[in-house]
Structures are given as structure tokens and as C-alpha cells.
Amino acid sequence: MKIGILALQGAFIEHKHSLDALGVESFEIRQKKDIEKPFDGLIIPGGESTVIGKLLHKLDLYEPIKNMIENGMPVFGTCAGLIILAKNIEDEQAHIGTMDITVRRNAYGKQIDSFSEEVVIPEVSDKPFPLVFIRAPWIDSVGDSVKVLCELNGHIVAARENNMLVTSFHPELTKNLDFHKYFINMIKQKKSR
């Protein structure tokens with residue numbers, strides 16, 4: 001198994017550390033030639049969604065990545081990655097726009113408003129999971145084919161639609177590997193079909 005991590009900006013190295021801890025091979029995607037060899041899954045990390053969106057176009061990565069996702073490649077978007085995948089963003093044009101969700105950018109406020117919580121997410125693990133929010137979005141609404149995995153104080157903060165998994169929070173900034181394991185299982189299920 002080989003997972004590509006979009007490494008244009010943001011917390012990509014932390015995802016690599018999580019995958020390393022699980023013994024999963026990964027590589028950084030910085031330019032179009034990086035996605036020419038086959039790989040099994042994609043992580044779009046947290047960071048600044050507007051910058052990532054612009055760089056996807058500038059580096060000619062937008063169309064090939066969008067096509068891969070639309071053709072079933074498993075993708076995991078955290079924080080800005082969630083925004084990149086959303087079909088609808090309040091007060092902003094959509095980026096890749098493959099997931100049937102409407103999101104609100106910076107819904108939890110500025111950097112100073114960052115916080116963490118612990119909750120159990122039954123779909124992922126029966127143990128409490130640390131949720132780290134940094135200038136995080138939340139999901140205002142989901143389409144019929146989207147499964148809500150976690151809500152916090154009435155706001156959707158994790159969801160899945162077919163091959164797409166998103167979180168408002170940053171699993172890669174914790175020592176807990178359950179979300180990365182869940183994503184790896186999504187890849188394994190696709191490969192076994």
C-alpha cells in the first residue's frame with residue numbers, strides 16, 4: 001500500500017509521521033510528475049485552503065487529482081482538506097468539490113480560539129479520540145449519501161461519503177492513530193473489491 005500526501009502547504013509531514021508509525025509507505029505530492037506512478041490513497045492535509053486551492057491549479061494538479069477521486073481513489077481531508085473536497089463553501093467558490101457537503105470556513109474562530117476535546121466516535125473506535133481544532137471549519141449540511149461520523153455541540157466535524165473521509169479536526173497532531181487506521185481500512189476494502 002502506498003499513500004500520497006498533498007504537500008503544497010500545511011500539516012503534511014505530521015500525516016507522514018502517522019503513516020510511518022503504522023508501517024505504511026507514503027510520499028509527498030508537490031508536482032504533477034509525483035502522481036504519475038500508481039498509488040492507493042490520498043491525504044489532503046490541514047493548512048490554508050485558499051492557498052492549497054490556488055496551488056492545485058497553478059501546478060496543474062487540480063484535474064488529475066479530481067479525476068482520481070471521482071474514479072474512486074480513497075481520500076482523507078483534514079481541516080483545510082475538508083474544505084478542498086466540499087461541493088459548497090459559504091462565501092467562497094468550491095475547490096475540488098467532490099463531496100456533497102456544505103462547510104463554513106474558520107467556523108471555530110481564529111488561531112487564538114483553537115481548542116481540543118475528547119469524544120468517542122463509534123465508527124472509528126470505542127476509545128475516546130482527541131479532537132484538535134485550529135481555525136477549524138464545520139459542516140453545515142450533508143447530502144443523502146454522506147454519513148455523519150461525529151458531531152460536536154450540534155456541528156458536524158467528521159463525515160464520510162463513499163471513498164471520501166473528512167474531519168474538521170487534526171488527527172495527525174495527536175498520538176492517536178485510529179483515524180489513519182480507519183482510512184487505511186477504506187483503502188484495503190477498495191483494493192479487495
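**Exercise 1.** Which residue forms a salt bridge with Asp-40, and how far apart are the closest N and O atoms?

*Solution.* This is a predicted model. Start with the partner: Asp-40 forms a salt bridge with Lys-191. The closest N and O atoms are 3.6 Å apart, and the cut-off is 4 Å. Asp-40 lies in the loop between E2 and strand E3 (41–44), and Lys-191 in helix H5 (residues 178–192), so the pair ties together parts 151 residues apart in sequence. Asp-40 has 23% relative accessibility and counts as partly exposed.

**Exercise 2.** Find the buried residues of helix H2 (residues 49–58) and say where they lie around the axis.

*Solution.* List them: Ser-49, Ile-52, Gly-53 and Leu-56 are buried. They lie on the same side of H2, because they cover an arc of only 100 degrees around the axis. The general rule: an α-helix has 3.6 residues a turn, so residues three or four places apart point the same way. Now look at the face turned away from the buried side. It carries the exposed residues Lys-54 and Lys-58. Last, find the packing partners. The buried residues of H2 pack against strand E1 (2–6), helix H3 (62–70) and H4.

**Exercise 3.** Identify the members of the largest nonpolar core that touch the most other members.

*Solution.* The core has 33 residues. Leu-6, Leu-42, Leu-56, Ile-65, Ile-96 and Ile-101 touch the most other members. Helix H4 (residues 80–85) gives the most to this core, with five residues. Then trace Ile-65. Leaving aside neighbours within four places in sequence, Ile-65 is in contact with Leu-6, Ile-35, Leu-42, Leu-56 and Ile-96.

Key
Residues numbered from 1 in each chain as written. Predicted model: local features only at pLDDT ≥ 70, side-chain atom pairs only at ≥ 80, totals over all residues. Heavy atoms only, no water. Core = buried A, V, L, I, M, F, W, Y, C linked by side-chain atoms within 4.5 Å. Buried < 20%, exposed > 50% of the residue type's maximum accessible area, 1.4 Å probe, protein only. Helix = DSSP H or I, 4+ residues; strand = E, 2+ residues; numbered from the N terminus. Contact = heavy atoms within 4.5 Å. Arc of directions from axis to C-beta. Salt bridge = Lys/Arg side-chain N within 4 Å of Asp/Glu carboxyl O.
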